[in-house]
Amino acid sequence: MEALFAIAIGTLTSCAVYLLLRARTFPVLLGLTLLSYAVNLFLFASGRLVVASAPLTDQGIEHFPDPLPQALVLTAIVIGFGMTALLVVLALRAIHATGGDHVDGGER
Amino acid sequence: MLNHAIDIAFGLLGLAVVFTLIRLALGPDMLDRVLALDTLYVNSAAMLVLYGLELGTGRYYEAALLIAMLGFVTTVVLSKYITRGDVIE
Amino acid sequence: MLLSIVILIPLLGAWLPTALSRALGVDPARTAAALAATSLALILSQAPDVLAGATLVSGWSWIPTAGLNATFRLDGFGLLFALLILGIGLLVILYARYYLSPEESKERFYGLLLLFMGAMLGVVLAENLLLLVTFWELTSLSSFLLIGFWRHDADARRGARLALMVTGAGGLALLAGVLLIGHVVGSFELSRVLAAGPVIKAHPLYETMLVLVLLGAFTKSAQFPFHFWLPHAMAAPTPVSAYLHSATMVKAGIFLLGRLFPAFAGTETWFYIVSGVGLTTQLFAAYVALFRHDLKGLLAYSTVSHLGLITLLFGFGTPAGAVAAVFHTINHAVFKASLFMAAGIVDHETGTRDMRRLSGLARFMPWTAALATIAAGAMAGVPLLNGFLSKEMFFAETLQVQWLGSRYWVLPLAATLASVFTVAYSTRFVHDVFFGPPPQGLARVPHEPPRWMKVPVEILVGLCLLVGLLPALIVDPLLRAAGGAVLQGPLPEYSLALWHGFNLPVLMSGVALTGGAIIYFARRYYFGLHGYRQQRYDGRTLAEGLVALAVAGSRRLVDGVANASLQRYVLLLLLATLGVGLVGARGLSLAPIAALTPPDALAVALTAALAIAAIAATALHTQRLLALVLIGVVGLVVSLVFVRFSAPDLALTQLLVEIVTVLLLLLALYFMPAESPRESSRFRRVRDTMVAVAVGLGAGLLAWALLTRPFSTIAWYYLEHAKPQGGGYNVVNVILVDFRGFDTLGEITVLGIAAVAILALLQELRLVAPQRDWDGRPWAVERHPLMLRVLARPLLPLALLVSVYLFLRGHNAPGGGFIAGLVTGTAILLQYVAYGSDWARERLPWNYSTAIALGLLLATATGLASWAFGAPFLTSTFGYLHWPVVGEFELASAMVFDLGIYVVVVGVVMVIVGRLGALSGSGGRGT
């Protein structure tokens with residue numbers, strides 16, 4: 001299970017990095033979205049993998065997942081959305097200013 | 001008995017997901033792919049319910065509920081984009 | 001306590017001259033004088049104890065973990081300097097009142113002067129070495145401002161910059177040295193450091209510390225080869241030169257040598273470095289001073305030379321040498337300040353400081369001439385004046401030095417030679433200016449300056465005479481206390497008598513006086529030799545060249561790295577991360593240490609789906625819509641992963657954010673080309689793939705290493721206390737709104753800031769909307785399909801109901817403010833999509849940016865409310881309520897906080913997506 005999780009994180013990161021290195025804003029935005037998935041999964045993994053449970057204490061289940069990384073990741077997801085939105089608007093602003101969607105604000 | 005039923009259902013759902021993914025990959029049209037995504041959402045909702053049945057807990061039903069209620073929003077905005085370009089007019 | 005007040009009066013009072021002058025019309029000089037006099041009186045009240053040999057240490061700890069304490073110390077040495085700073089400071093305040101012309105800002109001048117005075121007092125009264133360094137830098141800064149007082153003068157600005165550069169760099173070296181001292185001694189308190197001399201001297205880092213500290217001292221005291229800033233600092237107003245650049249600030253380096261004398265002095269390294277630099281400086285500067293035509297230039301080099309002499313005396317490392325150094329410090333401050341003031345008077349009255357144009361002024365200003373002559377005599381070491389006494393001690397000391405062995409004659413010879421030049425330039429200062437034929441071509445006829453402008457000079461010259469005639473009575477107690485404090489031990493035998501019988505020092509004095517006179521009167525010959533070399537002795541060219549070189553180098557480096565290409569930056573960043581990761585991962589074993597969980601079919605399927613979708617999205621990224629759909633698949637799978645690994649809250653959040661993100665990216669895509677051109681070269685694609693694979697491999701291995709290490713967690717604390725203390729079964733939600741509520745408050749604030757930034761960016765943004773789709777077909781005619789409208793409308797109340805449900809039970813089951821807010825936001829957005837933003841805004845006329853502010857206020861107010869009950873910020877409480885139909889219901893104050901989160905999230909989603917959607921609204925209005 002751990003190996004599968006690590007493979008998932010690695011694959012997501014690879015794809016994200018490749019997209020981040022593209023010259024157009026839209027792929028870079030997609031890359032950032034993928035990267036935030038990868039980072040969130042990684043943070044989540046720091047609480048280890050617990051199957052078929054939940055951080056709810058109303059029923060006395062024996063094994064619990066770690067709630068702290070979950071709380072961290074929850075806000076990270078929402079903040080990630082805010083960041084993506086900001087970059088989307090920046091990209092639009094760049095189109096407005098330069099007339100193109102090249103990340104460097106012009107053709108090179 | 002129930003366990004077997006659940007296993008079989010999982011198998012069938014898995015098959016459905018695979019077919020959907022193939023449709024997603026092959027297309028041929030963008031509309032096929034959007035529909036594939038929509039189907040994927042539906043399959044996910046079904047899988048969540050099934051998973052809850054298997055574990056005997058209702059904790060994942062909210063996720064299924066949300067997919068059922070709002071999952072189609074993605075399909076809607078994609079269709080809107082394809083037909084009108086502008087999602088919010 | 002008292003000592004800190006002594007420092008704070010001028011430091012904090014620096015704004016008073018301006019304030020009182022503006023408000024009440026009080027003469028700023030009076031304000032400054034009153035403040036300085038108060039500090040002086042406070043110091044004098046402690047003087048009897050200190051003169052009796054006491055060391056007063058007081059203060060309080062400030063940042064104890066860093067060893068930084070606000071501790072102060074008053075001993076004989078500190079007292080001596082405090083008296084010089086405040087006494088001469090008072091005289092300079094008086095003098096400057098007449099020196100500055102009426103149109104110059106006296107308020108600014110006195111404010112800066114007080115600032116400097118406070119900083120300088122801080123240096124000499126600090127007990128903590130870090131505090132000393134802080135004040136030390138403050139003197140550099142205030143000196144910079146004072147040198148550049150005449151802002152319109154380019155020379156003044158350059159001189160100020162040069163001084164700041166040299167002394168500031170020295171200050172950094174000193175800081176490094178002091179940190180090392182603290183490391184070696186284990187404390188920054190002077191009392192401990194001075195007592196730890198043997199430890200410091202035996203430490204392997206001794207040379208390093210010594211050099212660093214000396215760099216600080218030498219730059220400040222203008223020792224060769226750092227002397228060049230001082231002559232350029234003469235662009236300052238003359239009172240500043242008299243105060244900072246002869247009597248006090250340049251003496252800070254001397255002070256440091258004396259202060260750390262017990263800790264560092266007495267080794268061979270100390271002798272060779274300190275006395276070597278001192279001797280070179282003394283000889284070289286005395287020689288150069290003779291050939292300066294500017295009065296202040298001559299005095300500047302003379303100051304450098306005398307500072308060299310004092311440094312040389314400390315360099316001997318002997319108790320008697322140290323006492324002589326302290327004595328000469330006093331004498332030099334007194335006569336040099338008066339000489340600067342006299343030069344200022346000449347400048348003030350004649351309009352020039354060029355000795356080639358000045359002549360015979362004695363007949364116009366006989367009293368000033370007499371004062372200047374006496375002061376110059378003291379500088380030259382004429383008997384019956386104070387300079388003679390310390391010079392005799394100096395000569396006597398040069399004869400005692402043991403280190404040089406058979407070449408013992410070098411030091412006395414060089415000292416005599418330097419004194420010959422001293423006598424020569426002193427004679428020149430007096431003879432060129434005040435004697436000879438009447439001056440030609442002066443702008444105005446000179447006359448005696450105002451009465452009170454001469455008083456400070458008279459007082460200082462009077463001191464020269466009194467010390468010279470009655471040393472034992474006037475200066476001995478202070479010298480004894482100061483010397484004792486420098487040595488931190490018994491004083492050597494010394495005598496301040498005028499006449500010790502005919503001995504070698506007297507002979508050396510005689511040689512110096514005669515030789516100096518001969519050189520001066522044969523000056524025509526020498527001047528002819530050196531006239532053309534005037535400007536060559538200048539380190540400024542070198543310093544400014546170095547700066548230009550550094551600037552050019554940095555520019556080249558920046559141009560090379562920062563080519564304004566995001567791709568380049570990201571690549572460099574990733575490579576650097578890889579490099580750091582590789583270094584950090586050396587020797588890391590990948591063998592699992594903790595027990596592994598077995599994989600199952602579901603996990604394999606999820607991973608496969610995730611990987612395939614992500615890779616497909618990347619491979620097909622040029623077809624943007626398709627890539628976006630695939631990203632949507634990835635997001636869906638990620639939320640299923642969260643479900644599988646027991647995180648229902650995360651699954652819900654991920655699901656909703658995914659929906660909104662797709663909407664957001666589609667809105668942006670409308671204004672962008674539908675496909676990316678395949679413009680990257682093959683090389684670049686291959687390179688990027690390699691980098692991506694490497695980074696992904698690194699991330700995967702890191703995740704693997706993390707997952708296979710033993711696990712220790714503090715989760716049990718939260719799990720145990722969530723119900724009893726936070727009142728909720730859903731531990732994730734309790735952490736968010738209760739245990740770590742402060743973090744969450746920060747996070748929703750960040751969200752709010754992002755929304756505000758987006759609003760600002762969207763202002764007046766106009767974009768051209770495409771008229772046809774990517775295949776060139778016209779858009780569909782129907783704007784708001786009937787099916788969608790019918791479906792969307794009843795969904796809103798349903799979704800709101802679900803929101804309330806998720807919100808209310810969020811404390812005990814998956815849900816909460818974040819999730820409920822996202823549900824509400826998505827549902828409202830659907831109305832926007834189905835009916836258009838104009839229609840939706842008309843029916844839901846809320847101002848969402850206000851909602852963000854209200855939500856933040858609500859959350860903060862919940863936190864503040866706990867103060868009212870004497871509990872820390874954001875302490876939560878809860879109770880149970882019996883509702884008629886619903887039954888037992890739990891009410892927690894954290895719920896109000898959660899409500900704040902809810903409102904912020906709804907507001908942020910609506911502000912971001914709603915405004916972005918309105919961008920293309922009817923007629924493309926960009927509101």
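In this predicted model, the contact between chains A and C draws on 77 residues from chain A and 97 residues from chain C. On the side of chain A that touches chain C, the helices α1 (2-20), α2 (25-45) and α3 (67-98) each supply at least two residues. The largest share, 24 residues, comes from α3(A).

One pair of helices shows how the two chains meet. Two packed helices are described by the angle between their axes and the distance between the axes. For α2(A) and helix α29 (residues 624-644) of chain C, the angle is about 10° and the axes lie 11 Å apart. Because angles under 35 degrees count as roughly parallel, α2(A) is roughly parallel to α29(C). From α2(A), the contact is made by A:Phe26, A:Leu30, A:Thr33, A:Leu34, A:Tyr37 and A:Leu41, and from α29(C) by C:Arg624, C:Ala627, C:Ile631, C:Val634 and C:Val638. Nine of the residues in this contact are nonpolar, one is polar and one is charged.

Chain A also takes part in the surroundings of helix α34 (residues 741-762) of chain C. The buried residues of α34(C) are covered by elements that include α3 of chain A, together with α33 (731-739), α38 (848-868) and α39 (893-918) of chain C. Among these buried residues are C:Leu745, C:Ile748, C:Leu751, C:Ala755 and C:Ile758, as well as C:Glu747. Helix α34(C) has 22 residues and spans 31 Å from its first C-alpha to its last, close to the 32 Å expected at 1.5 Å a residue. Just after α34(C), C:Glu764 adopts a positive phi of about 55°.

Definitions and conventions
Residues are numbered from 1 along each chain as its sequence is written. Chains are lettered from A and ligands numbered from 1 in the order in which they are written. This is a predicted model: local features need pLDDT of at least 70, side-chain atom pairs count only at pLDDT 80 or more; totals for chains, interfaces and linings use all residues. Two residues are in contact if their C-beta atoms, placed from the backbone, lie within 7 Å. Helices (H or I, at least four residues) and strands (E, at least two) are DSSP runs, numbered from the N terminus. Axes are lines fitted to C-alpha atoms, for helices over the stretch in contact, and angles run from 0 to 180 degrees between N-to-C directions. Angles under 35 degrees count as roughly parallel, over 145 as roughly antiparallel, 65 to 115 as roughly perpendicular and the rest as oblique. Ala, Val, Leu, Ile, Met, Phe, Trp, Tyr, Cys and Pro count as nonpolar, Asp, Glu, Lys and Arg as charged, and the others, Gly among them, as polar. The expected span of a helix is 1.5 Å times one less than its number of residues. A residue is buried if 20 or more other C-beta atoms lie within 10 Å of its own, exposed if 12 or fewer, and partly exposed in between; C-beta atoms are placed from the backbone.
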